[in-house]
Amino acid sequence: MNNRTERVRLHGGLGRQLRADKASVVALAAILFGTAFLAAAWPRWLNDIDDRAVRYEFAQSREIDDVRATYVGPVLAGGAAISALHTIGADLLASFDPPLRDLLEPAVISSTPGDYLIRSVNDTPRPEDFPDFFLTPVLLDTERPEVRFVEGAEPAEGPTTAPPGDVLDEDRTIVQVGLSTVGAAALGLEVGDVATASRSPGPDLVLEVTGVYEPIDQTSHTWARHLNLLLDAPVFGPSGELIQNTAGALVTPASFPTLLSTDDGLAVPTELTTSWEFPLDVEPVHAGLVDDLGLAADRAQSDGIVSPSGAPFSIQTTVQEVLDRFRDQRTTAHAVLSIGLVGLLIGALAVLVLVAQLTSERRRAALALARARGASLRQLTMITAAEGFLIAGVSVAGGLALAVLAVPARSTPLSWWLTGGLAGASAVVLAAVTWSAHRAVGTVERRDPATGSSPRRLAAELALVLLAAVGVVLLRERGFDTAVVGGSADPFLLAVPALIALAASVAVLRVYPAPIRLVGRFMANRRGPVSFLGLLRAGREATGRAIPLVVVLVALSFSVFAAIVVNSVRLEQDVRSWELVGAPVRVDGTDFDQAVDVPRMAAAARVTLDRTFGIHARSTALDGRLGDTRDRFTLLLLDPSAFQTFVADRVIDTTALEPLVNASAGDGTRVPMVVSPAFAIELSADGRVGSELRDLPFLLPGSNPVLDAVGTIDFFLGLESDQLWAVGRTPDAERVVDLPYGPTILLLDAEDADTDAVLAAAQVTQPFAQVTTRNEVYEQIAGSPLVAGTERTFQAATLAAAAYSALSVVLALVVTARSRERFLSCLRTLGLSSRQVRGLVAWEIVPTTMIAIGVGAALGFALPYVVLPAIDLTPFTGGLDQPTIYADGATIGALAGGICVVVVVAVLGVTSINRRTRLGAVLRVGEDG
């Protein structure tokens with residue numbers, strides 16, 4: 001008989017066996033299908049999270065524009081006609097690189113020729129001792145309905161002339177303007193007023209107020225750049241008197257060239273400030289564009305773009321800042337999630353080995369018969385590999401197709417690599433197990449896993465432990481941020497937690513028989529054979545014990561690790577939200593009236609005045625350095641002792657305020673303060689942190705007191721350590737200037753406050769007051785798709801790990817069922833009851849599972865202390881420091897309890913199957929194994 005005929009018969013025999021053993025084939029296909037779905041869906045799910053996260057970061061940006069080109073220089077070509085400005089905007093847009101250019105919408109143009117001093121109103125000159133009032137015409141070319149006119153009407157499309165008999169010369173051109181309600185009141189102008197204004201150089205200009213407007217949405221990004229169109233800008237003298245006031249005025253595009261012309265029509269030789277704001281369409285943005293988009297944004301800012309007049313444009317963009325925030329979060333998310341993925345892969349491979357062993361066990365007789373007929377080991381292995389690849393190919397293709405349908409996200413090569421690797425691993429594992437089982441035909445493995453090991457196994461275990469130790473050292477030195485950068489990964493660093501878990505599994509496999517023997521000796525003296533025989537088998541059947549132990553230990557350790565990470569991040573997010581807001585409700589404005597505004601807002605929040613706290617914030621500078629932005633700082637004035645009492649039941653750390661609480665008041669020229677770290681460097685004598693801080697005078701109305709820095713504070717109510725700010729005591733500043741300081745920030749201890757009512761109460765006197773709640777800030781921090789997606793992914797991974805643990809326990813019991821059925825059936829012939837059978841199986845499987853659960857829970861508790869210092873979690877919390885590791889005992893107990901339930905169900909199921917086994921079928925003479 002030739003080899004070809006033998007191979008055909010071999011294929012036919014094994015094919016019939018494959019069809020006859022449908023149960024194991026279906027089990028293999030089902031497990032491969034589910035694992036392939038997870039392997040294909042995980043990268044797609046991660047892509048979807050990344051895409052939503054980058055769009056979320058752009059949406060959270062408070063800047064009006066994402067790319068803004070500003071021109072400051074002589075009048076542009078075309079006399080600044082709106083058509084010329086649009087042409088320049090189109091040229092600017094074309095100069096940007098893709099994909100930035102493809103994502104930008106047409107520009108919103110705004111331009112102003114400067115400030116005009118109002119000299120007379122309705123032909124009545126302003127008195128000489130009257131404050132200087134300036135009006136700033138602003139062209140805001142936008143079709144969006146940004147304002148509504150509450151008085152009068154919007155300006156005419158073009159300039160007009162004075163009517164006959166008017167106080168003005170009939171040949172004078174009049175430019176119509178619209179003022180905000182605040183600006184009109186501040187400048188003393190009403191609808192119908194005609195003002196004569198001048199600018200040097202240039203002729204006088206006649207302005208007519210045609211209407212007064214209010215913003216439709218005062219939180220619109222438009223007003224971030226043009227706040228002067230809504231508010232005035234007063235300047236006060238040393239004694240608090242008003243020196244000048246400035247407000248913006250809306251003009252139409254057709255009137256704008258008139259503002260730039262002299263009597264003879266020539267352009268005024270003065271500087272024009274014009275900006276082109278290109279909104280970014282965030283809908284097409286996805287994480288795959290991040291790198292190219294960042295490069296295009298960098299080039300737009302670094303490469304000079306020259307205007308038609310020869311003056312350069314200044315390009316500002318928030319794109320890179322948004323992308324940096326996204327990259328930080330993505331690096332953290334991918335590092336943390338990759339740890340969980342490696343743990344799942346270990347569980348999947350272990351379950352795959354058990355399924356392969358089950359398939360081989362069910363085909364033991366067919367393999368022995370084929371070998372007896374002359375089939376070689378190579379033939380058996382190759383045919384089994386081909387059959388495994390066929391089963392895996394169909395199952396993996398189905399899982400991949402389901403993942404594509406269930407997770408509609410950007411495709412990624414990683415899905416194909418993982419699913420392809422799974423198909424290849426299935427064929428290899430099935431062939432390897434078949435090869436091993438063929439060599440072991442006719443024997444039963446009953447060796448102690450802790451003794452009798454080959455030198456090869458000892459070397460492999462030692463190498464695994466050494467790799468884990470080296471990985472821990474490298475991980476602490478380099479960190480996960482170097483392991484995951486821009487989507488690429490260092491596989492070794494990402495596998496360090498898995499190596500630790502596997503090393504712990506090796507140690508447990510070496511050690512666990514000893515305590516079982518010890519307990520077995522104790523149980524041998526008790527009546528009944530159940531516990532003794534169960535413990536005796538617990539130390540044998542190495543395959544049935546080792547793989548479930550590894551899977552349960554790894555799965556539980558990574559599940560506990562995930563739960564601790566989620567709980568720690570949640571706790572730090574909650575702490576951060578309290579630090580940013582300071583109270584359940586925070587109201588920001590200018591100067592609230594302590595006697596009128598504060599009681600009104602407290603009543604709206606339904607709290608008493610003792611549950612409110614006011615802080616005064618103002619911008620000032622070191623004396624003589626007002627023009628130097630490095631020396632401008634934010635000064636917050638409060639009562640530090642009262643603030644500590646107000647937040648006593650919150651999670652806000654106020655220990656840094658203690659030096660201010662204990663500082664002496666001194667004389668009337670010194671104001672003790674605690675300053676930010678960046679400000680401390682400015683005040684240090686040698687520019688180093690920790691140096692002695694100098695006492696320097698700073699500016700307050702009508703006074704130049706000395707800033708006495710008594711300490712540093714890293715963070716306070718949203719002010720970061722790299723900003724210049726200081727916290728002082730309100731009475732010290734009031735004593736210096738002899739003026740009261742009303743609150744500009746009001747904290748309300750009102751958990752259930754109606755924020756709309758509080759906002760309405762604040763806007764009675766301050767239309768642009770803002771209300772922020774602690775819950776809103778928490779949702780903003782925790783609501784990032786990467787943060788929320790990581791938590792949901794961990795939850796799904798925990799369920800998958802529990803499923804793999806259950807499968808490993810059940811499959812291990814099924815794989816060892818043949819020898820167990822024979823053993824239990826013999827005992828049943830000797831009178832062992834069904835209840836005792838269940839107890840014996842329980843004593844066989846429960847001890848090793850309990851050991852795995854205990855070690856897995858302990859390892860999961862320890863992993864965060866090893867891994868988290870190497871992962872920067874601050875992008876998830878919005879804070880400055882790493883979150884405190886917080887282990888929730890209830891969650892860990894629930895995870896461990898879930899595994900225990902799986903074990904109980906598996907034991908009951910196996911013993912139920914054994915009760916239906918016919919003794920004659922098991923105890924036939926000559927039965928193998």
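Me: A crossing counts as left-handed if the near helix is turned anticlockwise from the far one by less than a right angle, and as right-handed if clockwise. Is the crossing of helix 13 and helix 15 left-handed or right-handed?

Reply: The crossing of helix 13 and helix 15 is left-handed. Please bear in mind that this is a predicted model.

Me: Which residues make that contact?

Reply: Helix 13 contributes Arg457, Leu458, Glu461, Leu464, Val465, Leu467, Ala468, Gly471, Val472 and Leu475. From helix 15 come Val496, Leu499, Ile500, Leu502, Ala503, Val506 and Arg510.

Me: And at what angle do helix 13 and helix 15 pack?

Reply: Helix 13 (residues 455-478) and helix 15 (residues 496-511) pack at about 140°, and their axes are 9 Å apart.

Me: How do helix 19 and helix 24 pack, then?

Reply: The angle between helix 19 and helix 24 is about 165°, with axes 8 Å apart. Helix 19 and helix 24 are therefore roughly antiparallel to each other. Their crossing is right-handed.

Me: Which residues meet there?

Reply: On the helix 19 side they are Arg600, Met601, Ala604 and Ala605. They meet Ala757, Val758, Ala761 and Ala762 of helix 24.

Me: Arg600 is charged. What does Arg600 form a salt bridge with?

Reply: Its partner is Asp597, and the closest N and O atoms are 2.7 Å apart. Both residues lie in helix 19 (residues 597-605), with a spacing of 3 residues, about one turn of the helix.

Me: Is Asp597 buried or exposed? And how accessible is Arg600?

Reply: Asp597 counts as buried, because its relative accessibility is 5%. Arg600 has a relative accessible area of 25%, so it is partly exposed.

Me: How many salt bridges are there in the whole structure?

Reply: The search finds 19 salt bridges.

Me: Which residues are linked in a network of salt bridges?

Reply: Arg611, Arg650, Asp749 and Glu751 are linked in this way. Within that group, Arg650 bridges to Glu751, with the closest N and O atoms 3.3 Å apart. This pair links distant parts of the chain, as its residues are 101 positions apart. Arg650 is in the loop between helix 20 (640-646) and helix 21 (658-662), while Glu751 is in the loop between strand 25 (745-748) and helix 24 (755-762).

Me: Which accessibility class does Arg650 fall into, and why?

Reply: Arg650 has 19% relative accessibility, and the cut-off for buried is under 20%, so Arg650 counts as buried. Glu751, at 43%, counts as partly exposed.

Me: Changing topic, how many aromatic pairs does the search find?

Reply: It finds 9 aromatic pairs. In one of them, Phe96 and Phe278 have ring centres 5.8 Å apart and planes at 90°, so the pair is edge-to-face.

Me: Where do Phe96 and Phe278 lie?

Reply: Phe96 is in the loop between helix 3 (82-95) and helix 4 (100-103), and Phe278 is in strand 13 (residues 272-278). The two are 182 residues apart and link distant parts of the chain. Phe96 counts as buried at 2% relative accessibility, and Phe278 counts as buried at 1%.

Me: What about Phe149 and Tyr213?

Reply: Their centres are 5.7 Å apart and their planes are at 70°, so this pair is edge-to-face. Phe149 counts as partly exposed at 25% relative accessibility, whereas Tyr213 counts as buried at 0%.

Me: Which residues do ring pairs link into a cluster?

Reply: The cluster consists of Phe613, Phe643, Phe646 and Phe716.

Me: Finally, how many helices and strands are there, and what share of the chain is buried?

Reply: The protein chain has 31 helices and 26 strands. Of its 929 residues, 51% count as buried. Among contacts with a separation of 6 or more, 80% are between residues 24 or more positions apart.

Definitions and conventions: Residues are numbered from 1 along each chain as its sequence is written. This is a predicted model: local features need pLDDT of at least 70, side-chain atom pairs count only at pLDDT 80 or more; totals for chains, interfaces and linings use all residues. Side-chain values use heavy atoms; hydrogens and water are left out. Rings of Phe, Tyr and Trp (its six-membered ring) pair if their centres lie within 6.5 Å; planes under 30 degrees apart count as stacked, over 60 as edge-to-face and the rest as tilted. Helices (H or I, at least four residues) and strands (E, at least two) are DSSP runs, numbered from the N terminus. Buried means under 20% relative accessible area, exposed over 50%, partly exposed in between (1.4 Å probe, protein chains only). A salt bridge is a side-chain nitrogen of Lys or Arg within 4 Å of a carboxyl oxygen of Asp or Glu. Axes are lines fitted to C-alpha atoms, for helices over the stretch in contact, and angles run from 0 to 180 degrees between N-to-C directions. Angles under 35 degrees count as roughly parallel, over 145 as roughly antiparallel, 65 to 115 as roughly perpendicular and the rest as oblique. Contact means heavy atoms within 4.5 Å.
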